[in-house]
Amino acid sequence: MMRAWQRSLVAAGCLALAGCGVERRLIIHSDPEGALVYLNHEEVGRTPVSYDFTWYGQYDVQLRKEGYQTVSLTEWVVAPWWQWPPFDFVAEITPGRPRDTHRLSYAMRPATRPADPAALVRRAEGMRAELRSGEYTRTPSTAPTTRPTTKPAKKKPAATTRS
């Protein structure tokens with residue numbers, strides 16, 4: 001016959017096996033939808049995206065969408081109180097599947113238009129003129145280099161053979 005403490009131990013073991021662990025989910029939204037999401041430099045999908053995670057802590061979040069500025073942020077995913085020791089043990093062995101859901105939302109800004117190429121060329125020519133007129137500017141030499149920039153490799157002595 002089983003003693004009372006043995007029955008308690010068996011019941012605790014069965015209870016521990018019945019627990020399924022905590023379901024941790026990160027849900028990411030963006031405005032506009034359809035942005036490509038990277039978490040810690042790994043692609044996870046397009047918004048709205050649901051991502052199951054294992055570890056709490058710091059996540060590098062990056063959202064990319066054509067025509068919009070890239071969003072790059074560091075987000076902290078903090079554990080709820082029932083996931084802190086020693087309470088986490090109880091949450092892990094509780095029958096059922098407790099859920100911890102974190103939601104992140106981002107508003108993306110439209111990208112700026114590229115500059116007019118002709119305006120860029122005019123600006124570059126103006127900067128070139130300013131550089132040439134500086135007091136420390138010198139004109140490059142057009143004379144060819146008269147000596148090599150590196151030393152020639154030394155020849156190895158010929159190997160002698162013995163008979």
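A residue is called buried when its relative accessible area is under 20%, and exposed when that area is over 50%. The model described here is a predicted one. Arg24, whose place is in strand E1 (residues 23-31), has a relative accessible area of 15%, and because this value falls under 20%, Arg24 counts as buried. Gly57, which lies in strand E5, has a relative accessible area of 14% and is therefore buried by that cut-off.

| Residue | Relative accessible area |
|---|---|
| Arg24 | 15% |
| Gly57 | 14% |

The side chain of Arg24 is joined to that of Tyr56 by a polar contact of 3.3 Å. For Gly57, when neighbours within four places in sequence are left aside, the residues in contact are Glu75, Trp76 and Val77. With Val77 there is also a C-alpha separation to report: the two C-alpha atoms are 5.1 Å apart, although Gly57 and Val77 are 20 residues apart along the chain.

**The sheet**

Strands of a sheet pair through backbone hydrogen bonds, and this pairing may be parallel or antiparallel. In this model, four strands in the order E3-E2-E5-E6 form an open sheet, and their pairing is antiparallel. Strand E3 (42-46) and strand E6 (71-77) stand at the edges, and because each has a single partner strand, one side of each is left without a neighbour in the sheet. From one strand to the next, the twist averages 30°. Within this arrangement, strand E2 (residues 36-39) pairs with strand E5 (residues 57-64) in the antiparallel sense over four bridges, and Leu36 stands opposite Arg64 in E5.

In soluble globular proteins, nonpolar side chains tend to be buried together. The largest nonpolar core of the model has 15 residues, and those with the most contacts inside it are Leu26, Ile28, Val61, Leu63 and Tyr106. Two or more residues of this core come from each of the elements E1, E2, E5, E6 and strand E7 (99-107), with E5 giving the most, namely three residues. Tyr106, one of the residues with the most contacts inside the core, is in contact with Ile28, His29, Ser30, Asp31, Val61, Leu63, Val71, Leu73 and Glu75 when its neighbours within four places in sequence are left aside.

Terms used
Residues numbered from 1 in each chain as written. Predicted model: local features only at pLDDT ≥ 70, side-chain atom pairs only at ≥ 80, totals over all residues. Heavy atoms only, no water. Pairing = 2+ DSSP bridges. Axes fitted to C-alpha atoms, helices over the stretch in contact; angles between N-to-C directions. Buried < 20%, exposed > 50% of the residue type's maximum accessible area, 1.4 Å probe, protein only. Polar contact = N/O pair within 3.5 Å; in protein donor to acceptor, adjacent residues only side chain to side chain. Core = buried A, V, L, I, M, F, W, Y, C linked by side-chain atoms within 4.5 Å. Contact = heavy atoms within 4.5 Å.
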